[in-house]
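Reader: Please put the chain on screen. I would then like to go through its packing and pairing, one question at a time.

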Amino acid sequence: VCRVKPRAVPEKKVQHGVGGCKIPVGVRMRAKISPVTLPSLLPAKDAETKDNNSGNFHTYKVFHGLAQNSIHGIVKTNSGSIWVATNGGVSEFDGKYFRNYSMDNGLPHNQVWSICEDRHGNLWMGTFGGGVVCYDGFSFITYSLGQGMPTDKIVGVSEDHLGNFWFVAYQTGIIYFQPDSNTLKSGTAFLITKENGLVSND
(Lines give C-alpha, C1' and ligand atoms only; values in the text may rest on other atoms or scores of the structure.)
Protein backbone atom coordinates (compact mmCIF):
# COMPACT_ATOMS: atom_id res chain seq x y z
CA VAL A 1 0.00 0.00 0.00
CA CYS A 2 1.34 3.40 -0.96
CA ARG A 3 0.41 6.16 1.46
CA VAL A 4 0.76 9.69 0.16
CA LYS A 5 -0.01 12.98 1.88
CA PRO A 6 -0.93 15.55 -0.79
CA ARG A 7 1.01 18.82 -0.71
CA ALA A 8 1.72 21.59 -3.18
CA VAL A 9 5.01 21.31 -5.08
CA PRO A 10 6.41 23.18 -8.12
CA GLU A 11 4.58 21.87 -11.18
CA LYS A 12 7.72 20.82 -13.07
CA LYS A 13 9.29 19.06 -10.10
CA VAL A 14 7.96 15.55 -9.55
CA GLN A 15 8.46 14.13 -6.06
CA HIS A 16 7.81 10.61 -4.87
CA GLY A 17 6.31 9.20 -1.72
CA VAL A 18 6.59 5.81 -0.07
CA GLY A 19 7.00 3.01 -2.61
CA GLY A 20 7.86 5.38 -5.44
CA CYS A 21 4.35 6.79 -5.79
CA LYS A 22 4.12 10.32 -7.13
CA ILE A 23 3.01 13.02 -4.73
CA PRO A 24 -0.03 14.85 -6.21
CA VAL A 25 0.59 18.40 -7.38
CA GLY A 26 -1.73 21.05 -5.99
CA VAL A 27 -3.72 23.22 -8.39
CA ARG A 28 -4.93 26.62 -7.20
CA MET A 29 -8.57 27.33 -7.98
CA ARG A 30 -10.88 30.31 -7.70
CA ALA A 31 -14.59 29.56 -7.83
CA LYS A 32 -17.22 30.91 -10.18
CA ILE A 33 -19.98 32.67 -8.24
CA SER A 34 -23.55 32.58 -9.57
CA PRO A 35 -26.47 34.34 -7.91
CA VAL A 36 -29.42 32.15 -6.98
CA THR A 37 -32.89 32.87 -8.24
CA LEU A 38 -34.98 31.55 -5.37
CA PRO A 39 -37.55 29.05 -6.65
CA SER A 40 -41.20 29.23 -5.63
CA LEU A 41 -42.53 27.19 -2.74
CA LEU A 42 -44.58 24.24 -3.96
CA PRO A 43 -47.06 22.81 -1.47
CA ALA A 44 -46.37 19.07 -1.28
CA LYS A 45 -49.27 16.89 -2.30
CA ASP A 46 -50.14 14.00 -0.01
CA ALA A 47 -47.53 11.27 -0.37
CA GLU A 48 -48.28 7.74 -1.44
CA THR A 49 -48.43 5.62 1.70
CA LYS A 50 -47.67 1.92 1.98
CA ASP A 51 -48.06 -0.04 5.19
CA ASN A 52 -45.78 -2.86 6.24
CA ASN A 53 -45.04 -4.67 9.47
CA SER A 54 -42.47 -2.12 10.66
CA GLY A 55 -44.31 1.08 9.79
CA ASN A 56 -45.40 3.28 6.90
CA PHE A 57 -43.49 4.25 3.78
CA HIS A 58 -44.33 7.67 2.32
CA THR A 59 -43.34 8.13 -1.31
CA TYR A 60 -42.82 11.50 -2.98
CA LYS A 61 -42.49 11.83 -6.76
CA VAL A 62 -42.66 14.62 -9.35
CA PHE A 63 -46.44 14.56 -8.96
CA HIS A 64 -46.04 15.44 -5.28
CA GLY A 65 -43.54 18.28 -5.89
CA LEU A 66 -40.15 16.57 -6.28
CA ALA A 67 -37.87 17.92 -9.03
CA GLN A 68 -37.32 14.53 -10.68
CA ASN A 69 -37.91 10.85 -9.89
CA SER A 70 -34.32 9.62 -10.37
CA ILE A 71 -32.66 10.05 -6.94
CA HIS A 72 -28.88 9.92 -6.40
CA GLY A 73 -28.51 11.27 -2.87
CA ILE A 74 -30.37 12.55 0.19
CA VAL A 75 -29.19 14.57 3.19
CA LYS A 76 -31.03 15.93 6.22
CA THR A 77 -29.54 19.25 7.30
CA ASN A 78 -29.07 20.57 10.82
CA SER A 79 -31.99 22.93 10.19
CA GLY A 80 -34.27 19.94 9.61
CA SER A 81 -34.79 20.27 5.86
CA ILE A 82 -34.29 17.32 3.54
CA TRP A 83 -32.31 17.93 0.34
CA VAL A 84 -32.66 15.46 -2.53
CA ALA A 85 -30.15 15.16 -5.40
CA THR A 86 -31.91 14.23 -8.65
CA ASN A 87 -31.38 14.15 -12.40
CA GLY A 88 -33.48 17.30 -12.64
CA GLY A 89 -31.75 19.46 -10.05
CA VAL A 90 -31.93 19.45 -6.27
CA SER A 91 -35.08 19.58 -4.13
CA GLU A 92 -35.41 21.09 -0.67
CA PHE A 93 -38.26 19.65 1.41
CA ASP A 94 -39.33 20.93 4.83
CA GLY A 95 -42.13 18.44 5.34
CA LYS A 96 -44.79 20.67 3.82
CA TYR A 97 -43.22 22.48 0.86
CA PHE A 98 -40.74 21.77 -1.91
CA ARG A 99 -38.24 24.20 -3.43
CA ASN A 100 -36.65 22.88 -6.62
CA TYR A 101 -33.33 24.32 -7.78
CA SER A 102 -32.20 23.79 -11.37
CA MET A 103 -30.22 25.55 -14.09
CA ASP A 104 -33.10 28.02 -14.27
CA ASN A 105 -32.15 29.13 -10.74
CA GLY A 106 -28.38 29.33 -11.29
CA LEU A 107 -27.35 25.70 -10.73
CA PRO A 108 -24.56 24.90 -13.25
CA HIS A 109 -25.98 21.47 -14.13
CA ASN A 110 -29.23 19.61 -13.47
CA GLN A 111 -27.76 16.15 -12.88
CA VAL A 112 -26.85 16.23 -9.18
CA TRP A 113 -25.27 12.93 -8.16
CA SER A 114 -24.24 13.55 -4.55
CA ILE A 115 -24.83 15.99 -1.73
CA CYS A 116 -23.52 16.68 1.78
CA GLU A 117 -23.72 19.40 4.42
CA ASP A 118 -20.49 20.81 5.85
CA ARG A 119 -19.85 21.86 9.44
CA HIS A 120 -20.96 25.43 8.68
CA GLY A 121 -24.29 24.45 7.14
CA ASN A 122 -23.24 24.90 3.51
CA LEU A 123 -24.40 22.30 0.99
CA TRP A 124 -21.86 20.69 -1.36
CA MET A 125 -23.11 18.96 -4.50
CA GLY A 126 -21.37 16.84 -7.09
CA THR A 127 -22.86 17.19 -10.57
CA PHE A 128 -22.39 15.04 -13.64
CA GLY A 129 -21.23 17.76 -16.00
CA GLY A 130 -21.06 20.94 -13.93
CA GLY A 131 -18.35 20.12 -11.38
CA VAL A 132 -18.71 20.70 -7.65
CA VAL A 133 -21.21 23.26 -6.37
CA CYS A 134 -21.43 24.79 -2.91
CA TYR A 135 -24.65 26.50 -1.87
CA ASP A 136 -24.21 28.96 1.00
CA GLY A 137 -27.83 30.10 1.06
CA PHE A 138 -27.16 33.04 -1.26
CA SER A 139 -25.01 31.89 -4.20
CA PHE A 140 -23.89 28.81 -6.09
CA ILE A 141 -20.10 28.58 -5.73
CA THR A 142 -18.81 26.36 -8.53
CA TYR A 143 -15.53 24.56 -9.18
CA SER A 144 -15.42 23.00 -12.64
CA LEU A 145 -13.09 22.65 -15.64
CA GLY A 146 -12.98 26.40 -16.11
CA GLN A 147 -11.71 26.86 -12.55
CA GLY A 148 -8.97 24.20 -12.78
CA MET A 149 -10.80 20.99 -11.88
CA PRO A 150 -9.52 17.93 -13.79
CA THR A 151 -13.11 16.91 -14.61
CA ASP A 152 -16.62 18.26 -14.25
CA LYS A 153 -18.18 14.85 -13.51
CA ILE A 154 -18.32 14.41 -9.73
CA VAL A 155 -20.27 11.47 -8.30
CA GLY A 156 -19.36 11.72 -4.61
CA VAL A 157 -18.66 14.51 -2.07
CA SER A 158 -17.61 14.30 1.57
CA GLU A 159 -16.07 16.56 4.24
CA ASP A 160 -13.40 15.21 6.60
CA HIS A 161 -12.77 16.10 10.25
CA LEU A 162 -10.33 18.86 9.26
CA GLY A 163 -12.83 20.69 7.07
CA ASN A 164 -11.27 19.55 3.79
CA PHE A 165 -13.25 17.83 1.04
CA TRP A 166 -12.95 14.63 -0.97
CA PHE A 167 -14.61 14.46 -4.38
CA VAL A 168 -15.09 11.20 -6.29
CA ALA A 169 -14.36 12.04 -9.93
CA TYR A 170 -15.99 9.80 -12.52
CA GLN A 171 -13.34 7.53 -14.13
CA THR A 172 -10.67 10.07 -13.10
CA GLY A 173 -9.70 9.36 -9.49
CA ILE A 174 -10.25 11.24 -6.24
CA ILE A 175 -9.90 15.00 -5.78
CA TYR A 176 -8.72 16.25 -2.39
CA PHE A 177 -9.74 19.90 -1.91
CA GLN A 178 -8.40 22.29 0.73
CA PRO A 179 -10.48 25.50 0.88
CA ASP A 180 -8.62 28.65 1.83
CA SER A 181 -9.18 29.89 5.38
CA ASN A 182 -12.44 31.79 5.96
CA THR A 183 -13.64 31.50 2.37
CA LEU A 184 -15.38 29.02 0.11
CA LYS A 185 -14.36 30.89 -3.03
CA SER A 186 -10.80 29.62 -3.46
CA GLY A 187 -8.56 26.74 -2.49
CA THR A 188 -6.13 24.07 -3.64
CA ALA A 189 -7.09 20.79 -5.31
CA PHE A 190 -5.02 17.61 -5.58
CA LEU A 191 -5.92 14.87 -8.05
CA ILE A 192 -5.10 11.42 -6.66
CA THR A 193 -4.89 8.60 -9.22
CA LYS A 194 -3.26 5.20 -9.72
CA GLU A 195 0.06 7.03 -10.14
CA ASN A 196 -0.28 8.14 -6.52
CA GLY A 197 -1.16 4.71 -5.17
CA LEU A 198 -4.94 4.63 -5.75
CA VAL A 199 -6.15 1.12 -6.59
CA SER A 200 -8.20 2.33 -9.57
CA ASN A 201 -9.25 5.60 -11.18
CA ASP A 202 -12.79 4.26 -11.50
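Reader: How many of the 5 residues of S11 are buried?
Author: Strands (E, at least two residues) and helices (H or I, at least four) are DSSP runs, numbered from the N terminus. Buried means under 20% relative accessible area, exposed over 50% and partly exposed in between, with a 1.4 Å probe and protein chains only. S11 is largely enclosed by the rest of the structure, because the buried count is 5 of the 5.

Reader: Before going on, what pLDDT must side-chain atom pairs have to count?
Author: Residues are numbered from 1 along each chain as its sequence is written, and side-chain values use heavy atoms, with hydrogens and water left out. This is a predicted model: totals for chains, interfaces and linings use all residues, local features need pLDDT of at least 70, and side-chain atom pairs count only at pLDDT 80 or more.

Reader: Leu123, Met125 and Thr127 point one way from S11; which residues point the other way?
Author: In a regular strand the side chains alternate between the two faces of the sheet. Leu123, Met125 and Thr127 take one side of S11, and every residue on either side is buried. The residues pointing the other way are Trp124 and Gly126.

Reader: Which residue stands opposite Gly126 of S11?
Author: Two strands pair if DSSP finds at least two bridges between them. S10 (residues 112-117) runs antiparallel to S11, with 5 bridges. The two form a hairpin with 5 residues between them, and Gly121 in its turn has a positive phi of about 90°. The residue opposite Gly126 is Ser114.

Reader: And in S12, which residue is the bridge partner of Trp124?
Author: S11 and S12 run antiparallel and are joined by 4 bridges. They too make a hairpin, with 4 residues between them and Gly129 in the turn at a positive phi of about 140°. The partner of Trp124 is Cys134.

Reader: In the open sheet of 5 strands, which are the edge strands?
Author: The order is S1-S17-S16-S15-S14, with antiparallel pairing. S1 (26-30) is joined to S17 (residues 186-192) by 5 bridges, and Met29 has Gly187 as its bridge partner in S17. The strands that pair on one side only are S1 and S14.

Reader: Why is the pair of Phe128 and Tyr170 edge-to-face, and how far apart in sequence are the parts it ties together?
Author: Rings of Phe, Tyr and Trp (its six-membered ring) pair if their centres lie within 6.5 Å; planes under 30 degrees apart count as stacked, over 60 as edge-to-face and the rest as tilted. The centres of Phe128 and Tyr170 are 5.0 Å apart and the planes are at 70°, so the pair is edge-to-face. Phe128 is buried at 18% relative accessible area, whereas Tyr170 is partly exposed at 34%. Phe128 sits in the loop between S11 (123-127) and S12 and Tyr170 in the loop between S15 and S16, so the parts tied together are apart in sequence by 42 residues.

Reader: How many aromatic pairs does the structure hold?
Author: One aromatic cluster is formed by Trp124, Tyr143, Phe165, Phe167 and Phe177. Over the structure, the number of aromatic pairs is 18.

Reader: What is the relative accessible area of Asn182?
Author: Asn182 is in the loop between S16 and S17. Although Asn182 is a residue other than glycine, its phi is positive, near 65°. Asn182 counts as exposed because its relative accessible area is 84%.

Reader: What share of the 202 residues in the protein chain is buried?
Author: The secondary structure of the chain comes to 0 helices and 17 strands. Of the 202 residues, the buried share is 44%.
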